[in-house]
Amino acid sequence: MNNQNQGYPNNYGQPNMNTPQQPMGYPQQPNMMNQLPKKNNKSVFVIIGIIIAVAAVAIACIFLFGNGENEPSKKKNRPEPSMERTIMIYMVGSDLEDTNGLASSELSHINPSNIDLKNNNVIMITGGSKKWFNEYIDAEETAIFQLKENGFEKVKSESAKNMGDIKTLSNFLTTIYDDYPSKKYELIFWDHGMGALGLESDSLNNDILTLNELESALKLSPFGTDEKLDSILFINCLLGNIQLAGVIDDYANYMIASEEVSYASPMIDKFKFLENIEVSDTGYEFGKKFIDNLVNNTPIVEAAYYKNTPTTYSIIDLSKVAQLEKSLNNFANSINVNQSYSTLSLARSSLFQYGIEEPAYDMVDLYTFVSAIQNLAPSEANNLLESINNAVVYNYSNDVNSKGISTYFPYRSEKTYVDAHLKLLSDLKDSSSNSYLTFIQNFDLYRRTNSSYFMDVSGNQVNSMGNDYSMQFSDAQKKNFASASYMIFKQTSDGKFIPIYFSDNTTLDGNGKLKANFDGKIVTILNPTTNAKEPIVAYEEKNGNITTDAVFEADGTKVNADVVIKFTNGNGKIVSAIQKSTPSSEGMNHPAMIFLTLEKYQTISFINHDYQITNGKGLLVDEWKEGKTYNTNALVKNYKIEKTPLNKSEKYYFAFKICDLSNEVTYSQLVPIK
């Protein structure tokens with residue numbers, strides 16, 4: 001049996017064509033050996049096949065801007081608030097800043113003359129980046145800035161602290177609470193988000209804030225039962241989930257977050273909404289103005305559409321989260337996983353997965369998932385759906401199946417990543433009474449230990465005559481089928497194979513016949529030197545667009561990117577390019593969307609490789625051995641991409657990739673296309 005993710009890091013089963021580069025726009029599985037690295041001052045775990053809990057040493061020193069006390073400042077000791085609102089920004093630059101300058105770019109849009117600074121403090125702490133692309137932030141410091149009429153002014157600084165440390169966050173909150181008495185407080189996080197794993201990636205210390213650590217930091221802060229944060233806004237990816245909401249509901253009134261990736265681009269003015277904040281605004285109105293400003297950025301919304309990635313942001317009323325968690329636990333407790341596994345797995349396999357469907361994070365929309373399996377416990381499901389609607393008080397999405405709050409549900413990722421998630425979730429408050437956690441633990445255990453759902457199709461005959469590419473399933477295979485995609489290869493003169501087309505555009509009819517909806521055409525680009533139409537590797541998206549890998553170059557600088565091509569009457573146009581990132585030495589890879597401005601580049605190169613992909617018996621192997629590299633160059637302003645019929649003088653081969661109800665993968669025979 002082949003796990004879907006082994007050896008094939010992206011959606012259609014093909015190897016990464018630009019090793020070692022991995023795209024930020026397509027979040028790859030994080031290196032869990034370094035995802036939550038060792039620290040001297042808090043609990044961590046290191047995964048070596050299994051999750052090993054490591055005891056933390058006690059913290060016995062004074063941290064950034066704090067007085068070394070664990071007890072937060074008391075409201076009765078503070079002067080009467082003289083300011084209406086204080087907006088705190090926890091700005092962790094990470095690789096987004098030190099390689100792209102994205103934090104500086106977004107901060108540069110802030111125009112203090114348009115912000116009501118008489119009634120609103122804007123206070124920012126900075127750190128976690130090896131380099132800053134502005135003149136006022138020093139990478140060797142962790143500093144606090146206040147927004148003044150002429151921009152951000154430094155008010156305190158120390159040597160660089162770990163922004164992924166509990167004390168750095170808690171002492172920042174305590175300092176601002178003590179030094180800037182206000183009637184309301186808003187907290188903004190800016191950086192990477194990693195779903196249920198955590199947030200805020202510090203590049204200097206290779207560290208993040210896990211959800212458990214975020215809860216500890218908030219508990220040490222002045223915010224809680226007596227006085228809550230009015231809102232917490234997450235300008236991060238994948239944090240609009242119930243796991244995070246359950247962590248912060250005791251410390252804030254509203255949570256503003258995205259189920260999907262949060263787009264990064266110099267074009268986006270994410271902080272412009274601060275110009276519209278009024279004295280009377282609540283945390284809800286604060287969040288709504290942020291969302292409305294963001295989604296009105298039409299180029300970003302359109303670019304996301306081209307990549308089949310929804311734009312999402314919602315506001316969650318945190319006072320409703322306790323009831324939501326109760327409803328979720330009641331629903332989970334009403335389902336027998338072993339008896340209902342087929343229904344659960346089939347529903348889960350068909351769900352859109354956030355993070356551009358990256359397997360490692362396993363985040364799906366909670367409402368959509370419950371709706372798909374509500375017949376398993378109708379009464380409890382209805383209560384849960386109602387609780388979701390009550391908690392999500394504002395939701396923007398250009399995807400009808402994104403209802404405003406996601407959940408972690410293990411299915412597509414490898415055991416290492418699942419164990420990491422389950423260990424972290426087990427450490428959260430009330431985990432002992434969390435029936436949903438038990439539910440997903442049981443589901444994952446049953447899926448990995450029960451082999452009755454595996455379907456081997458290596459012996460099934462594949463029809464490749466004419467334009468009919470199909471395969472017949474037995475009744476047992478049909479029962480265990482979850483999804484399918486297909487792959488097309490061009491054979492080289494020395495017997496290796498060049499992958500040129502991938503798609504999940506397949507259909508299974510009522511009689512068990514699986515068909516690939518392939519029209520016999522591949523994607524080619526005109527080689528300006530030879531005037532030949534050369535194939536480029538193409539991944540067919542669900543919306544009909546095509547994505548591929550390319551390298552853009554300008555004045556000797558090269559940038560790897562994921563390219564989206566839209567076809568009109570057979571002619572292809574590049575409509576979006578999302579920058580890839582080279583993994584750091586620590587292996588940290590996080591979801592993000594960094595769009596390139598194509599006009600800045602002069603040439604574009606499409607890259608492919610040939611591979612040894614079979615075992616000599618016509619069956620695909622798990623690991624493809626890379627061979628030669630093939631480049632086709634063109635001018636960014638003058639290229640010609642077309643859909644072209646297969647060249648009859650070349651040898652092409654076809655194979656199905658099948659995913660069963662246990663999320664295991666099997667491949668058909670590799671057969672020649674005649």
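Two strands count as paired if DSSP finds at least two bridges between them. Strands (E, at least two residues) and helices (H or I, at least four residues) are DSSP runs numbered from the N terminus. The structure shown here is a predicted model, in which local features need pLDDT of at least 70, side-chain atom pairs count only at pLDDT 80 or more, and totals for chains, interfaces and linings use all residues. Residues are numbered from 1 along each chain as its sequence is written, and side-chain values use heavy atoms, with hydrogens and water left out.

**View 1. An open sheet of four strands, paired antiparallel.** Across the sheet, the strands come in the order E19-E20-E24-E23. Strand E19 (462-465) and strand E23 (506-508) are the edge strands, each pairing on one side only. On average, neighbouring strands of this sheet are turned by 20° against each other, direction ignored. (Axes are lines fitted to C-alpha atoms, for helices over the stretch in contact, and angles run from 0 to 180 degrees between N-to-C directions.) To find your way in, look at E19 and strand E20 (residues 468-472), which are joined in the antiparallel sense by four bridges. Here Val462 has Met471 of E20 as its bridge partner.

**View 2. Helix H4 (residues 166-179) packed with helix H5 (residues 211-220).** The two axes lie 8 Å apart, at an angle of about 30°. That makes H4 roughly parallel to H5 (angles under 35 degrees count as roughly parallel, over 145 as roughly antiparallel, 65 to 115 as roughly perpendicular and the rest as oblique). On the H4 side, the residues in contact are Ile166, Lys167, Leu169, Ser170, Leu173 and Thr174; H5 brings Glu213, Leu214, Ser216, Ala217, Leu218 and Leu220. Contact means heavy atoms within 4.5 Å. The contact residues comprise seven nonpolar, three polar and two charged (Ala, Val, Leu, Ile, Met, Phe, Trp, Tyr, Cys and Pro count as nonpolar, Asp, Glu, Lys and Arg as charged, and the others, Gly among them, as polar).

**View 3. Helix H13 (residues 415-426) beside helix H14 (residues 435-449).** These axes come within 11 Å and cross at roughly 160°, which makes H13 roughly antiparallel to H14. Lys415, Val418, Leu422, Leu425 and Ser426 of H13 meet Leu437, Ile440, Gln441, Asp444 and Arg448 of H14. Five of the contact residues are nonpolar, two polar and three charged.

**View 4. The hairpin of E32 and E33.** Ten bridges pair strand E32 (residues 603-614) with strand E33 (residues 620-635) in the antiparallel sense. Look for Asn608, opposite Tyr630 in E33. Five residues lie between the strands, and Gly616 takes a positive phi near 90°.
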